[in-house]
Amino acid sequence: MIINLSEIMSVKGKVEHIQAPIELKYFSLEGNDYSFSEKSLVDLTITNLGERSVKIEGDAKVSLLIPCNRCLEDVETFFKLKITKDLDLNYGSEDRIKELDETNYINGYNLDVDLLVYDEILVDFPMKVLCDEDCKGFCKVCGTNLNKSSCNCEAPDPDPRMSVIRDIFNNFKEV
Ligand SMILES: [Zn+2]
Ligand SMILES: [Zn+2]
């Protein structure tokens, strides 16, 4: 959702409360699309601080389905987003790019709530998600999910060099 800030910015000290829906369909990162299993409204408080400065505060709760790092089953992962931004709208987009400020969610007087939410999830996005600390993952030979069933595969040789040593040992025995 795009919120136009012109009206708020026209009166110093003006405070506006807005409940904005999150319109992101997926959270996309590095070529993966993660679906939302839960999305609250974003509870926004926007305050005109004067001199074209604005304070944006927001709360939202979202859950994403992120595959377990070992077995790839979706894990519902909860994010409690707490947004606090002080923005100086005297800076145009070009100035921000020059200064490498990554404020991409504001364009002129338009606030893009979805980009704001995206950035907050990105900050909290976990390196690794496990369905369980003890997740057994997949069998590396047949692909069975070892949390659900077992298989009869032998554990693969962890180190091919071991078989060379075993051959040498066997040859030695035959002499
Ligand atoms: Zn797992
Ligand atoms: Zn197996």
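Predicted model: local features only at pLDDT ≥ 70, side-chain atom pairs only at ≥ 80, totals over all residues.
**View 1. Four cysteines hold the zinc ion (ligand 1).** The coordinating atoms are the SG atoms of Cys 68, Cys 71, Cys 131 and Cys 135, at 2.3 to 2.4 Å. Angles subtended by the four donor atoms run from 106 to 113°, so the arrangement is tetrahedral. For comparison, the ideal angle for four tetrahedral donors is 109.5 degrees.

**View 2. The zinc donors follow the spacing C-x2-C-x59-C-x3-C in sequence.** Cys 71 and Cys 131 are 60 residues apart and link distant parts of the chain. Cys 71 sits in the loop between β6 (53-67) and β7 (74-88), while Cys 131 sits in the loop between α3 (113-124) and α4 (160-174).

**View 3. Cys 139 is buried, and Cys 151 is partly exposed.** The relative accessibility is 10% for Cys 139 and 24% for Cys 151. Zero disulfides are found in the whole structure.

**View 4. The largest pocket has a volume of about 220 Å³.** Its lining comprises eight nonpolar, two polar and two charged residues. Among the lining residues are Leu 29, Glu 30, Asn 32, Tyr 34, Ile 66 and Pro 67. The lining also includes Asn 69 and the residues Phe 125, Pro 126, Met 127, Lys 128 and Val 129. At least two lining residues come from β4 (32-39), and at least two from β6.

Methods:
Residues numbered from 1 in each chain as written. Chains lettered and ligands numbered in written order. Heavy atoms only, no water. Donors = N, O, S within 2.8 Å, 3.2 Å for Na, K, Ca; no water. Tetrahedral: all angles 85-135°; square planar, octahedral: opposite > 155°, others 65-115°. Helix = DSSP H or I, 4+ residues; strand = E, 2+ residues; numbered from the N terminus. Disulfide = S-S within 2.5 Å. Buried < 20%, exposed > 50% of the residue type's maximum accessible area, 1.4 Å probe, protein only. 1 Å grid on protein atoms, 1.4 Å probe; cavity = no way out; pocket = protein on both sides within 12 Å on 5 of 7 lines; lining within 4 Å. Points joined across faces, edges and corners; volume = space filled by probe spheres on them. Nonpolar A, V, L, I, M, F, W, Y, C, P; charged D, E, K, R; others polar.
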